[in-house]
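Colleague: I have a model open and would like to go through its side-chain interactions with you. Could we begin with the charged pairs?

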Amino acid sequence: MSSGQTYFAAIANEKSGCSGCKLDVAAPISLAFAFQPIVDTASAANFAFEALVRGPNGESAQSVLSQIDEGNRYQFDQLCRTTAIAQAVDLNMESFLSINFMPNAVYRPEACIRSTFEAAEKYGFPIDRIIFETVEGENIISRPHLVEIFKAYKRFGFQTAIDDFGAGYSGLTLLVDFQPDLIKLDMELVRGIDTDSIRQRIVRGVLAICRDLGVRVIAEGIETREERDFFAAHGVTLMQGYFFAKPAFKSIPVLSGESFQT
């Protein structure tokens, strides 16, 4: 029995959650997802798809996120997880599914993860193909609680990722407390890196640290062949950005014809 199955069996008969859990209250926000691929250039295939929140008819993410407040944050976060899993199954997604979560909406990881397990079981999506990613920024959450959440998710069998790495206030110090499976370099470090020696030096340092820690790096925001080639030359095979494909609403994006051309 996997760690996730063991956990699910343990909570199956548990009736009470944490103080923030309101599992019987429906989120009043309608949403859907666009999916953008994270490609593995080594195999010229999709490694994962990031679920990007949209309105029910493809409206912008901001039109949805602007409706979030203290009263519905928990329900929104839970709805995002279950909807992303359901839509991934509808699309016959066979790669990893990357879901952004809101740490401020997680009160007790072992209780708040309940609906994710239930959705994975209901739709038949393997939990070891789910990546939970979040930003490590200053305004998100206290670092100790974020580390607690990440450690719990890893223990339950999920993959973990830090998004926009290098943009937040904690940066490298977060890696002292927790080593995720993946980090996504902030696109501000990626943009124009092929001609910017300062960015190159900083990124080389981050790559060296991640190699030593066994953390895989995703170069996010790749828009040009030159950016792609810089990272490929430095051993980074996981990439995401418009150079490969733009997000596709409720569908699997088609990769650009020049994505893997040398």
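Colleague: Which side chain meets R191 in a salt bridge?

Modeller: That of E227, with N and O 3.4 Å apart. Please bear in mind that this is a predicted model.

Colleague: Where in the chain do R191 and E227 lie?

Modeller: R191 is in the loop between α8 (187-190) and α9 (197-213), while E227 belongs to helix α10 (residues 225-233). The pair links distant parts of the chain, the two residues being 36 residues apart.

Colleague: Is E227 buried or exposed?

Modeller: E227 is buried, because its relative accessible area of 2% falls under the 20% limit. R191, at 28%, is partly exposed.

Colleague: And R228, what does its side chain pair with?

Modeller: R228 forms a salt bridge with D229, at 2.9 Å from N to O. R228 is buried, with a relative accessible area of 5%, whereas D229 is partly exposed at 35%.

Colleague: How many salt bridges does a search of the whole structure find?

Modeller: The search gives 11. There is also a network of salt bridges that links E50, E133, K184 and E220.

Colleague: Let us turn to R73. Which residue does it form a salt bridge with?

Modeller: R73 pairs with E70, and their closest N and O atoms are 2.8 Å apart. R73 is buried, with 17% relative accessibility, but E70 is exposed at 63%.

Colleague: What else does R73 touch, leaving out residues up to four places away in sequence?

Modeller: Its contacts are I68, M102, N104 and A105. R73 itself is part of helix α3 (residues 73-90).

Colleague: Changing topic, how many disulfides are there?

Modeller: The count is zero.

Colleague: Which residues is Y153 in contact with, neighbours within four places in sequence aside?

Modeller: Y153 contacts R81, F101, V106, P109, I113, F132, F158 and T160.

Methods:
Residues are numbered from 1 along each chain as its sequence is written. This is a predicted model: local features need pLDDT of at least 70, side-chain atom pairs count only at pLDDT 80 or more; totals for chains, interfaces and linings use all residues. Side-chain values use heavy atoms; hydrogens and water are left out. Contact means heavy atoms within 4.5 Å. Helices (H or I, at least four residues) and strands (E, at least two) are DSSP runs, numbered from the N terminus. A disulfide is a pair of cysteine sulfur atoms within 2.5 Å. A salt bridge is a side-chain nitrogen of Lys or Arg within 4 Å of a carboxyl oxygen of Asp or Glu. Buried means under 20% relative accessible area, exposed over 50%, partly exposed in between (1.4 Å probe, protein chains only).
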